[in-house]
Amino acid sequence: MTTRGAIMHVLERIASKREVQQYLAQFQSVQSQRFAVIKVGGAILTEHLDTLCIALKHLNQMNLYPVIVHGGGPQLNDLLLKAGVEPQFEEGIRITDGPTLRVARKLFLEENLRLVDALEYWGVKARPINAGVLTADYLDKEKYKLVGQVTKVNLAPIENAINAGFLPVLTAMAETEEGQILNVNADSAAQEIARELKPLKIVYLSEKGGLFNGETGKLIESINLDEEYESLMKEPWVKYGTRLKIREMKKLLDDLPRSSSVAIIHPNNLEKELFTHTGAGTLIRRGSKLNVTTSLQELKQENRLDAFKAVLARDRGGEDAKAIVEHYLHGLSKRSFRAYFDDSMEALAIVLDPTTESPVAHLATLTMTKNAWLTNIAENVFTSLRSDHPKLAWTVRQDDENLSWFFDRAEGSLAKNGDVLFWYGMDIDESAQLQRSFERDGRKMLGDINLESQLFSAGVAARIRGQAAQRRQYSTSSRPFARPLPFQQQSRRGYATTSNPNPPLGMKNSDKDWPSKIGLIGARGYTGQALIDLLNAHPNMDLRHVSSRELAGKKLAGYSKREIIYENLSPDDVRRMAERKEVDCWVMALPNGVCKPFVDAIDETGSDAVIVDLSADYRFDSRWTYGLPELVKRQSIAQAKRISNPGCYATAAQLGITPLLEHLAPSPAQPTVFGVSGYSGAGTKPSPKNDVKNLTDNLIPYSLTDHIHEREISAQLGREIAFIPHVAV
């Protein structure tokens, strides 16, 4: 795939097209060399060279030119040990004497050329830069010998390479003013180059893939330095290398514009980190300190009330918007609330405090600009909400473009009549009461205090008035008239978080046609039949094509939305349908080992249709997203174009074992899963395993070694699991 369109297709597998275009526009808005500095550790060059090159190829084909700085520490250690020289370190810094420097310089030049050659192999023009960029003084000649501290960065060789269409690839070697070569820590070299370039992104590629909480073992997804640095550095687990890394990142970002950020990720996730809101590793930003107010009078005294009103009406066009905001604020003045916003009001959240009638805090409105999404302010706001409100509920339109973002931040949800209720922090009784209120009253369950709901209702009313006026104009005048704008253009929130209005009746949403058109390949088995029932009940999905070799020509039973006749679709048929974009989502309900020709046929067209494979064929393919929302981020699944559905036993086993993982005996001890399924698990084709007479008062084990689910469970949990499946009556 060599065209930009093909690369967009690849990226759409990890994000929505909208997200990719947002970030691509941001990256291309700066000078080429100011896009990103990527520091590549020596271990990455050894273990993940092809993965790195493929990711860099994709960036390069979109006219993005990151500056690559690489190290070679592990390789240097190996060479020195083989030569009988014990590597010497002091406070984490390599002591570099003359013999060590000779070995290091030779190695770094070889590693540099190896990376350049690999990039050229993958079709990327790359230029090795081994001198002329970094000038340094001795860090401490007595202590560290030939180790340098960068004093000056010459960008000319980097700029010349990029202007000529080459990716610059730099070693971490510097020279003194007198010409003495000095060894420089690759992290430090990357930081000094970043200080000079002031790029949007500084990326550290590591095998760990991010920073991890030393107590919970969980990945730290983001660090907002302005809000979290002091408290983070007081944590008992923040010590040694982690403490040094965070301190160095803060020093670097303090010298850069607020638009710059640092990401620590695995090379497999480079594209995901760059082109999605959720990212993939640890994102570190200076962030924006959030202001919190509990009074409109306080806003007025600070001369912020007019800006506050303007933000509430922002991107909510229509003549009634300002009046509705005034009415909303009048009601807000009588309630206890907390409003969260950054200095420039790129983001604004209003939370209504609990009352006797409404015992749960309610997120009444949340508005974000494009920049708030791209610079992680949205995440900062929600982190503050969680800190201040242990229990919170909110509602969102079901067609909101950021719906999956809210799913990731909620512990429960309920959809009804085009709206979705979300909550976190509640016990079973509290959430049950909340759901009953929502089912009864919808978004007005806590009173008419949801600004989005008020604006939406006003928009619908305005649309009805406009349609009525249009009809009157037709009936009373023959003169041409100015056609009113479609409702989407009147009230569009390009980066809405709580109101992306439904399209008017009879019109299509400009971004997506509803309902989605579904094609089902392999509908004869139990799985296919169960899926037909689910699709029949789903308001946003419409089954259009059903393929079954055995049932071709017969009418599909149990589907009430339209009459469907079974087809016998071949991969060529599917290819033609994909080219004509007849289907939005293909579901493969085929036996293991059968669906690849159909998937290949769709891939060959460059179609952006979603494929969900219900078989095991792609569960071990890292290019596909594993579709288990309890253990995989919902947003990752929602944004994915290729989804491998988990196996039945594999789902149950993973959900049962995951909470216990940290308590299990260490390997080689194996947890054992004893599985029993009804005979439908043996398929519809007659056999002893689905013969009721044979199974009565019986329990039949099968596939006691190397069952596909045994491998799947082990792969997903990251440790060996023993699985013993049985079939019962």
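## Where two helices meet

Which residues in H26 meet His-709, Glu-712, Ile-713, Gln-716 and Leu-717 in H28? They are Cys-648, Tyr-649, Ala-650, Ala-653, Gln-654 and Ile-657. Helix H26 covers residues 648-657 and helix H28 covers residues 708-717; their axes are 9 Å apart and the packing angle is about 40 degrees. The crossing of H26 past H28 is right-handed.

The peptide bond from Ser-667 to Pro-668 is cis, with omega near 15 degrees. That is worth a glance because most peptide bonds are trans.

## The protein as a whole

Before going further, please keep in mind that this is a predicted model. The protein has 729 residues, and 50% of them count as buried. Its secondary structure comes to 28 helices and 30 strands.

Contacts across the sequence can be summed up too. Taking contacts between residues at least 6 apart in sequence, 68% join residues that are at least 24 apart.

## Helix H6 and its partners

The crossing is right-handed. On the H5 side the contact is made by Gln-75, Leu-76, Leu-79 and Leu-80, and on the H6 side by Thr-100, Val-103, Ala-104, Leu-107, Phe-108 and Glu-111.

Helix H4 (residues 49-60) also packs against H6, with axes that come within 9 Å and cross at roughly 55 degrees. H4 is therefore oblique to H6. Here again the crossing is described as right-handed. Leu-49, Leu-52, Cys-53 and Leu-56 of H4 make the contact with Arg-114, Leu-115, Ala-118 and Leu-119 of H6.

## Thr-171 and its contacts

Phe-108, one of the H6 residues in the contact with H5, turns up again around Thr-171. Thr-171 belongs to strand S8 (residues 167-171). Is Thr-171 buried or exposed? Its relative accessibility is 5%, so Thr-171 counts as buried. Leaving aside neighbours within four places in sequence, Thr-171 is in contact with His-70, Phe-108, Asn-112, Ile-129 and Asn-130.

## Aromatic rings together

How many aromatic pairs are there? The count is 13. One of them joins Phe-382 and Trp-394, whose ring centres are 5.4 Å apart and whose planes stand at 75 degrees, an edge-to-face arrangement. Phe-382 is in helix H17 (residues 377-388) while Trp-394 is in strand S19 (residues 392-397), so the pair ties together parts that are twelve residues apart in sequence.

Both partners are on the buried side of the cut-off: Phe-382 has a relative accessible area of 3%, and Trp-394 has 0% relative accessibility. The two rings also belong to one aromatic cluster, which is made of Phe-382, Trp-394, Trp-405, Phe-406, Phe-407, Phe-422 and Tyr-424.

## Charges over rings

The charged end of Lys-141 sits over the ring of Tyr-138, at 4.6 Å from the ring's centre. In another case, Lys-689 lies over the face of Tyr-702, and the distance to the ring centre is 4.3 Å.

Arg-397 is buried, with a relative accessible area of 6%. In sequence, Arg-397 and Lys-416 are 19 residues apart; in space, their C-alpha atoms are 9.7 Å apart.

Let us now turn to backbone angles. Most residues other than glycine have a negative phi. Asn-417 has a positive phi, near 50 degrees. Asn-417 lies in the loop between strand S20 (412-416) and strand S21 (419-424), and is exposed, with a relative accessible area of 68%. Lys-581 likewise has a positive phi, of about 55 degrees, although it is not a glycine. Its loop runs between helix H23 (571-579) and strand S24 (585-588), and at 60% relative accessibility Lys-581 counts as exposed.

Methods. Residues numbered from 1 in each chain as written. Predicted model: local features only at pLDDT ≥ 70, side-chain atom pairs only at ≥ 80, totals over all residues. Heavy atoms only, no water. Phe/Tyr/Trp six-rings, centres within 6.5 Å; stacked < 30°, edge-to-face > 60°. Helix = DSSP H or I, 4+ residues; strand = E, 2+ residues; numbered from the N terminus. Buried < 20%, exposed > 50% of the residue type's maximum accessible area, 1.4 Å probe, protein only. Lys NZ or Arg CZ within 6 Å of the ring centre and 35° of its normal. Left-handed = near helix turned anticlockwise from the far one by under 90°. Contact = heavy atoms within 4.5 Å. Axes fitted to C-alpha atoms, helices over the stretch in contact; angles between N-to-C directions. Parallel < 35°, antiparallel > 145°, perpendicular 65-115°, else oblique.
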